[in-house]
Structures are given as C-alpha cells and as structure tokens.
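Here is a quick walk through one protein chain, written for someone who would rather look at residues than read tables. Keep the viewer open as you go.

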Amino acid sequence: MLEQKLNDLSLLKHAGFINGQWINDKNGKTFEVFNPAVGEVIANVADLGAKETLHAIEAAQAAFEKWKVMPAKQRSSLLRRWFDLVIENQEDLALIMTFEQGKVISESRGEVVYGASYIEWFAEEAKRIYGDVLPNTTADRRSLVIKQPVGVVGAITPWNFPNAMITRKVAPALAAGCTIVLKPASETPLSALALAQLADRAGIPAGVFNVVVGTDAKAIGAELTSNPTVKKITFTGSTVVGKLLMEQSAKTVKKTSMELGGNAPVLIFEDADLDKAIEGALVAKFRNAGQTCICANRILVQDSIYEEFISRFTARVSEFVLGDGVSSESTMGPLITRKAVAGVVSLVNDAMSQGAKICIGGSVADNGDYFFQPTVLRDMNTSMRLAKEEVFGPVAPVFKFSTEKEAVAMANDTEFGLAAYMYTKDHSRIWRVGEALEYGMVGINETAISSEMIPFGGVKESGQGREGSKYGLEDYLEIKYLCLGDI
Ligand code: NAP
C-alpha cells in the first residue's frame, strides 16, 4: 500500500487544485489510477472537465495581475522554497511516481532531483530577465526593449516523466511572471498533485499554479486552446496530439511550445570506443523501460563491428532484472498500460515477419502482462515499422551500415528530429556528422544529455521551442519595444 510507505500522507491528493483549493467533481465522479507493476488500483481521483478548466483559467488570469508585478526577487524566493520542499520530500515523491508510473525507484529518485533542478534553475533565472537599450536612429529618440510575461499558460503533460515534464514548464512560466493551468496525464495525476501541494506550502499564491485532473483530455484541451484568456499552450506528448493542439490554438493565435515524439538513432562507427558505445546505447535504450522520447529507437552499427556489438550488447541486456519498481532488486519496471505492451508486440511481430531475428527477449514477460522482456533484434531493415515509429518499450533494433554517408542518410530518414547520438573518436567526423544530423540535440560519445542547463527540444515533427537553459525562459516572454520621442 502506497499510503503505508509515505512519510507525509498529505502529499497524496485526490482532487484538482484550482485557485488554491482542492476541488472535486460536483457529482463525485472519479477515475482510477493504476499501479502497472501489479495491475491494481492505487487511488481514485476527481474527474474534472471543461467547466473546472474554465474556472482554473479565470483564477489564473486574476492571479496573473498580481504575480506579474511581484518583484522578480520575491518570485525567485518562492520558487527556491518550492525547490527546497521538493528535495526534502524526494523519497515520498519518488514512491508516488513508482506506484503510478512503474519506473524503478532509483530512476524515480533521480527524476525528482532532475525535476527539481528546473525549479532551482528558473528561480535563479527569474532575476536575469534583461531588456535592451538600442542604438538611436535619430538624435531625439531612444529605443528600448523590455520583456514581459505572455500571460496565462495552458500546459498538458505526459505520463512518462510525471514530475520533470511538469517542472520544466511550470518553473519557467512562474519565473517569467506567467500563471499556469496544468492538465497532467490521467495515468499519473498523483505526482502532479503532490507538486501542487508543495508549491502551495512554499507560499506560491492561489491561482498561480492550477492543476486540472481528468480523463476528458479532449474537452480540457479544447477549453485551454480556445479560451482567449490563455496566451500560450505548452505541450509534451505525442506528435499527433501536438498537431491537434497547434491547430486548435491557431484560432486565437496563441504562442505554442511543443515537445513531441522522437525516433533517436545511435550511430556507432568502427573507430568508436566500443565499451563506451555499448554502455551508452544501453542507457539510452532501456531507461524507464524504453519509454522516453529521447530513447535510442534505432541503433546503427558499422558493418565491420556489427557482430561484436550484437554479442556484447546482448550479454549486457541479459543482466536486466524485471520486476516491481519498489523492489531494490528490479532494474526495469513494467510498461504503462496493456495497450502499450500490445503496441510493442505488434512492432516486434512486424519486424520478424520481414526477416528480423531475436537475439534476446521478444515476448511479454512472465512477471505479468504489463511487462515486456528486454529485447535485442538484429538484421533490421528500413522498411520495417521499427525504423519509422517510436517503439516506447524495451526493444533495441540493431541496423547495419557501411559508410558514414549511408549512416547519416539512415539517421535523417524520419519525420522526427529530437535527439541523435554518435560514437566515434574521429574529430573531423564529429563535426561533419554533428552538423549533418537533422536533430535538436546530438550526443557525441554520450547519451545522458539532458539537464536543466541545456536547451531540450526538437526540430521537424518533434516540435518547436526549447525547455531548460536560458532559452527556456524566452518561450514564456514577449518582447516589447518602447520608443521614447522628444528627448
Ligand atoms: P499523448 O497521448 O499525446 O498524451 C500526452 C498528454 O496529452 C496527456 O496529458 C493526455 O491526456 C493529453 N491528451 C491526449 N489527447 C488529447 C487531446 N485530444 N487534447 C488535449 N490533450 C490530450 O502522449 P503519451 O502517449 O502520453 O506520451 C508519450 C509521447 O510523449 C511520446 O510520443 C513521447 O515521445 C512524447 N514525449 C516527448 C518529450 C519531449 O520532450 N519531446 C518528452 C516526453 C514524452 P490523457 O492522459 O488524459 O489522455
């Protein structure tokens, strides 16, 4: 039982958080939150919809009037206090995450710290929102640029990083002086509500950070995207939903930031340090049981080292221990839903029907029907669905290439452009390939590339805008030009 494991039971919330109040559905409607490791219901959460979303938007607009004029230093202190509370409650937040999402507890602990790092970073950046004084065009004029918060922000987040995908949006929005209405994924509402509870405890005023939990994503999304009070939509999730939200937001010309799907290639050249390449590919593929947007979706290996890579990589994959994430022995948890497992099965079957061979794994695991075995597939070709679609599961398809030119062409042969990785010791190749890869982020001899200090985001159909770093704040700010005449 989750309740018995928590130090602070008040972090376990079952209602939406609007205007500083915990809000239930008027008719008591709730939805179930599952622990995918055991397939059991762990909570019933208020099932809110469009009406409550409207209420939250109005509360956020009212709060915006005060929040935007609060001195940056004061906003910064409140964010800093929120950061401290998240860190103090790391273990409880990690437990809530593992129970509702399934990732192993060590990864959940890591995500809480990673998520908190965005709050810390943007607490600091809140004090560095500078304008400009421009050179004059005429002697009697002065031209200035100031930066102002965009206004009320609507945020929609996925289940795979139930904490960090939220802090990456809420922290820069609040630092910029915006207020926000968040709709978290309905698989993982508890992590979002715990964050709201801590923000409230930190003293962030009512209405500044609102959370609408509910299963009618279409209706909540429609209100957020059509309401003219909302000035920006920030979304992390699938490309198909991202496109829909952009379309809906166009009617009121909202700013949008989109962190969408990926199809990350890992290019391993024959001059690579193979030990490092194997470990890097392992981390990039199997973190969160393969359910991350920057997961290695395609491993491309030069033909001269293909066999050695396959046998050594497969040996490392055989060491994973599948199980309930709360057990310290487990090194990989379940997938989020049965539907997700069915999706992985279908992609593996498609590859096998076109000639792929299984080196290890390949089926649903004995641990229960939410678990899929860590899998390595060889003899892949580019007409298989696994070459084009995000697998979102623990399946590593290994492709073969002969030349650098072929590797780059294969890597870029996708509508996605989020993250790519390469392993090589050749410095001129690093530049050539680094510049040729059509991706927002490129890891070179490294696959753990994310942090609060770097601009995370993609190109092509992987999205627009960046999260984290100094660039992450710009997405929540408008530029205003002031022209002073008659000097
Ligand atoms: P998803 O189906 O797009 O859902 C994401 C969020 O959108 C959830 O909150 C969902 O609500 C909501 N939603 C679904 N349909 C909607 C609609 N019609 N209108 C408004 N909101 C709607 O994506 P997912 O399967 O949960 O997440 C996995 C995807 O996220 C992958 O493609 C992954 O690559 C991507 N991702 C990208 C990044 C990045 O930074 N680029 C990071 C993490 C994940 P419900 O939960 O209530 O359905």
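This is a predicted model: local features need pLDDT of at least 70, side-chain atom pairs count only at pLDDT 80 or more; totals for chains, interfaces and linings use all residues.

## Ground rules

Helices and strands here are DSSP runs, numbered from the N terminus; a helix has at least four residues and a strand at least two.

N19 has a phi near 55°, a positive value in a residue other than glycine. Its relative accessible area is 33%, so N19 counts as partly exposed.

A289 also has a positive phi, of about 55°, although it is not a glycine. You'll find A289 in the loop between α10 (274–286) and β13 (296–302). Is A289 buried or exposed? At 4% relative accessibility, A289 counts as buried.

## The annotated domain

The unreviewed UniProt entry marks residues 22–481 as "domain: Aldehyde dehydrogenase". Across that stretch the chain is 39% helix and 20% strand, and the C-alpha atoms at its ends sit 40 Å apart.

## Strand β11 and its partners

Strand β11 covers residues 255–259, and four of those five residues are buried, so the strand is largely enclosed by the rest of the structure. Strand β10 (residues 230–236) runs parallel to β11, and five bridges join the two. In this pairing, K232 stands opposite K255 of β11. To get from β10 to β11 the chain goes through helix α9 (residues 239–250), making a right-handed β-α-β crossover.

β11 also pairs with strand β19 (residues 463–464), this time in the antiparallel sense and over two bridges. There, G463 of β19 is the bridge partner of E259.

What does the record say about E259? The unreviewed UniProt entry gives it the annotation "active site". E259 belongs to strand β11, and its relative accessibility is 4%, so it counts as buried, the cut-off being under 20%.

## Nonpolar cores

How many residues are in the largest nonpolar core? It has 87, and those with the most contacts inside it are W82, V86, L174, F209 and V211. Take V86: beyond its neighbours within four places in sequence, it contacts L93, V112, A116, I119, L195 and L198. Another core, of 68 residues, lies apart from that one, and its members include I268, I305, V376 and F401.

## Helix α7

Helix α7 (residues 189–202) has 14 residues and reaches 20 Å from its first C-alpha to its last, close to the 20 Å expected at 1.5 Å a residue. The helix is mostly covered, with 12 of its 14 residues buried. L195 and L198, both contacts of V86, are among the buried residues of α7. Just after the helix, G203 takes a positive phi of about 100°.

## One more loop residue: T382

T382 is in the loop between β15 (375–378) and β16 (395–401). With a relative accessible area of 44%, T382 is partly exposed. Setting aside neighbours within four places in sequence, T382 is in contact with A387, K388, F399 and M410. A351 is 31 residues away from T382 along the chain, and their C-alpha atoms are separated by 9.9 Å.

Technical notes:
Residues are numbered from 1 along each chain as its sequence is written. Side-chain values use heavy atoms; hydrogens and water are left out. A nonpolar core is a set of buried Ala, Val, Leu, Ile, Met, Phe, Trp, Tyr and Cys residues joined through side-chain atoms within 4.5 Å. Buried means under 20% relative accessible area, exposed over 50%, partly exposed in between (1.4 Å probe, protein chains only). Contact means heavy atoms within 4.5 Å. Two strands pair if DSSP finds at least two bridges between them. A crossover is right-handed if, with the strands pointing away from the viewer, the path from the first strand over the helix to the second runs clockwise. UniProt positions are given in the numbering used here, feature names are shortened, and annotations may be inferred rather than shown by experiment. The expected span of a helix is 1.5 Å times one less than its number of residues.
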